[in-house]
Amino acid sequence: MKRVLIWVLSLWSIVGIGWSRSEDGLQELKAKDRLLSFLEKDAVSPGANSLMIPLTLIQGAASKGAVCLDGTPPGYHLDRGFGSGSNSWLIQLEGGGWCNTVRSCVFRKTTRRGSSKFMEKRLNFTGILSNKAEENPDFYNWNRVKLRYCDGASFAGEGQNEANQLYFRGQRIWSAAMEELMAKGMQNAEQALLSGCSAGGLASILHCDEFKDMFPSTTKVKCLSDAGVFLDATNVAGGHTLRDMYRGVVTLQCFFPQNLIANIQTPLFLLNAAYDAWQVQESLIPSSADPHSFWRDCKMDHSHCNSSQMLFLQDFRNQMLSGINGFSMSNQNGLFINSCFAHCQSERQDTWYANDSPRIGNKAIAASVGDWFFDRTATKAIDCPYPCDNTCHNLIFNDVTSTITISESTRLTFTPLNLLNAFLITLICVPNASWGFSLDSD
């Protein structure tokens, strides 16, 4: 039976980091950063009625060593709750990949993902962060927080590289942020939800029980991981791209899905696309595994996959379902696994809750998460295999026309480049390893 691994990152120390030697690598980092910034933005530019929330820096964080990669203070955006949601809190952990070499971490210091100097001063709150009942029916009037991500290690690093003035302080950032939010009223929360997307989705798993332990037993606390399930899948050439690419780069503790979930005591909801777009692009069909471009059309647009290619992708879906089978048996946990080619669906309004948003059994993602959180009904929604779901907002890539299509009605234009490898650096499993990692010079 194939082993399916959910990679979990706990970055307690960083040692042995070396420089990437290629100038081309720096240009690639810049291109990836531009692409990631582009993909993180809403498909529609903020309009007149957009909810723009200002950035708050944690001024006392530096004295505790809780700083971004470049030593600047971390930050968050808070929109206060109102009415019945005044004592309810939702914390959304920002995603955005990791840095895995000195060059990539030094570069990251020049962006909002490594320095608060470059963070947007105001962010548009949409999807699960919206303050409109018609856009976010269950959490619209809660205290909603977007915790910015600037440590490069899923809010879990602890260490530094003095020679290059790099600070890996994700765990301290997490602690400082939680301390400040508790002082601002979260300590009185009647209910709280920790959520995150992609790298933030992994962080929401890592910190889930820690988050729960912050509150008294009378507080209802749950966690949501969006696009946080990653599989040790075989690529189209029979190799393990991610494992091979990063072997020797990181050392970490690794869990099988059932063991990982079994160690999490707090109720957890997994929201994931069965054909996760990042994994299709960079794990299943990387360019290195397809030198003759046999898979190119399928990779760019799933509707161009032939029958044998689609069988391969269906096997990937089956591996995911097998991997979460034990997790799904718990009554306290929730699932929404739709058969879409997508990545992160809670932060975008069009996928979270809209007239044409993705659905399983005629229920949108927002409604499913709400039903689970408030115990209105058990939510274990698993979609039928592609192509039965016509509600998906799929990502389609076209490197000839330089166009990225998200759903049928929205077209976004940008320069093409292995699009989704900016999202995440997936890590190698080293059985029985300590909770730490080291980075080499590649």
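User: What do buried and exposed mean here?

Analyst: A residue is called exposed when its relative accessible area is over 50% and partly exposed in between, with a 1.4 Å probe and protein chains only. The model is predicted, so local features need pLDDT of at least 70 and side-chain atom pairs pLDDT 80 or more, while totals for chains, interfaces and linings use all residues. Residues are numbered from 1 along each chain as its sequence is written, and side-chain values use heavy atoms, leaving out hydrogens and water. Buried, in turn, means under 20% relative accessible area.

User: How many residues of strand 11 are buried?

Analyst: Strands here are DSSP runs of E with at least two residues, numbered from the N terminus. On one side of strand 11, L268, L270 and N272 are buried, and on the other F269, L271 and A273 are buried too. Strand 11 (residues 268-273) is therefore largely enclosed by the rest of the structure, the buried count being 6 of the 6 residues.

User: Which residue of strand 12 is the bridge partner of N272?

Analyst: Two strands pair if DSSP finds at least two bridges between them. Strand 11 and strand 12 (residues 334-338) meet this in the parallel sense, over 5 bridges. Within strand 12, N272 has as its bridge partner I337.

User: Which strands stand at the edges of the sheet?

Analyst: The open sheet has 10 strands with mixed pairing, in the order 5-2-3-6-4-9-10-11-12-15. Each edge strand has a single partner strand, so one side of each is left without a neighbour in the sheet; these are strand 5 (122-124) and strand 15 (380-382).

Methods
Helix = DSSP H or I, 4+ residues; strand = E, 2+ residues; numbered from the N terminus.
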